[in-house]
Amino acid sequence: MRNVRILILTTDAGSGHRSAAQAIEAALLHNYSQSVQVTIANPLHEPSSPSLLRHAETFYLSTIQHAPERYDRAHALTDAAAYAALLRSAMGLAIGDALRRLLVRHTPDVVISVYPLFTALVADAYRGMRGRPGLITVVTDLGHVHHTWFSPVDDLCIVPNAQVRTRALGCGLEPHQVRIVGIPVHPRFAAPRAAPEEVRRDLGWRTDLVTVLISGGGAGVGPLAELSIAADEANERLQLAIVTGHNRDLAATLGARTWKNPTHIYGFVPMADMMYAADIIATKAGGLSVSEALAVGRPLLIYGAAPGQEAGNLEYVVRRGAAQYTPDAAQFVAAIQRWIERPEARRAAADAARAAGNPLAAFEIASIVRDLALSRDAVPRLAPRVSLSEWLSSWR
């Protein structure tokens, strides 16, 4: 059986897209380690991509944190077929050469994208040739999904639920192109390595207190300090675990405080054990953060949702009964107290979370990817394209 080469394309605008890519990679290597080669790449970080695009990833995080209304307007304005085509053309001009170099370097049998537009640009690179890699887009949001996610050139578009499937069909995909699987989470979230009490002891947590895990994602953004302090002040018997990500200033501020309740502060760390060990998970409404909490069956307190796709994630989990929206400290504290005083309500939300999650989505996607690769003919090899600057320099 031949070795299958898989190229997964992502960006680092937030940590969710890369987390999805790593989940698929881990599932592929777990199931088919002897017969697959998997590479994760960010075309925006390739040397031949404009440096402006690398700065755009940081600008995205800054915009959704400090000027969400601007992002909301841009998201809504471009959410149409005409604008999707315009964005595809602009992206092709910006990273077409970098993407082609990636394809030449890795000669993939299948290209998976966990970000909009990339598969369409891959198809453009093979235009006029007989054959191309298999193309799969994996959508990483649960609700208001942007038009640019849906490309008619894809062999398959993996979506998380029926709502997004309906959106995909409305954006021009055929029914056979769209498959409901779920958002891929890392295999670590598929099953606990031990009972929650044992995991808590390993983490150095108390086992007799309701524990709230408060996460600011990889960037450590959001009102984590305000929410954590309010919860600590309002409750007598509570345990807090606060994940500040890469936000070292926040970690230092929280670490300097004298806490009334047992409190554990972390930087950028693996989350699976802590999610299993927690009773309640508080996070912003990122697609991967929410999907990881659903995969472990923990009720959610959503303290923030960027406009556009995150608003759709929030709406989805609240409607399913798996989450409450707590946008300020007063509502956050009230929700925690309600779930402490009424454990049956907390268990009902946990059951709803478990029903909405799919901890095995990455494994199902891995099987789909390998089947697609083995069903295709040999992929033609792209020849390197000499850039204008390289051509001119050869004449000097």
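In the predicted model, isoleucine 158 is bridged to arginine 179 of β6. This contact belongs to the pairing of β5 with strand β6 (residues 178-180), which comprises 3 bridges and is parallel in sense. Strand β4 (residues 134-138) likewise runs parallel to β5, and 3 bridges join the two strands. Within that pairing, threonine 137 has cysteine 157 of β5 as its bridge partner.

Strand β5 itself, spanning residues 156-159, is covered on both faces. Leu156 and Ile158 lie on one side and Cys157 and Val159 on the other, and all four of these side positions are buried.

Two residues other than glycine adopt positive phi values. Threonine 107, which is not a glycine, has a phi of about 40 degrees. Threonine 107 is placed in the loop between α4 (81-106) and β3 (110-113). With a relative accessible area of 17%, threonine 107 is buried, because the value falls under the 20% cut-off.

Leucine 117 also has a positive phi, near 80 degrees, without being a glycine. The residue is located in the loop between β3 and α5 (118-125). Leucine 117 has a relative accessible area of 14% and is therefore classed as buried, the criterion being under 20%.

Definitions and conventions
Residues are numbered from 1 along each chain as its sequence is written. This is a predicted model: local features need pLDDT of at least 70, side-chain atom pairs count only at pLDDT 80 or more; totals for chains, interfaces and linings use all residues. Side-chain values use heavy atoms; hydrogens and water are left out. Helices (H or I, at least four residues) and strands (E, at least two) are DSSP runs, numbered from the N terminus. Buried means under 20% relative accessible area, exposed over 50%, partly exposed in between (1.4 Å probe, protein chains only). Two strands pair if DSSP finds at least two bridges between them.
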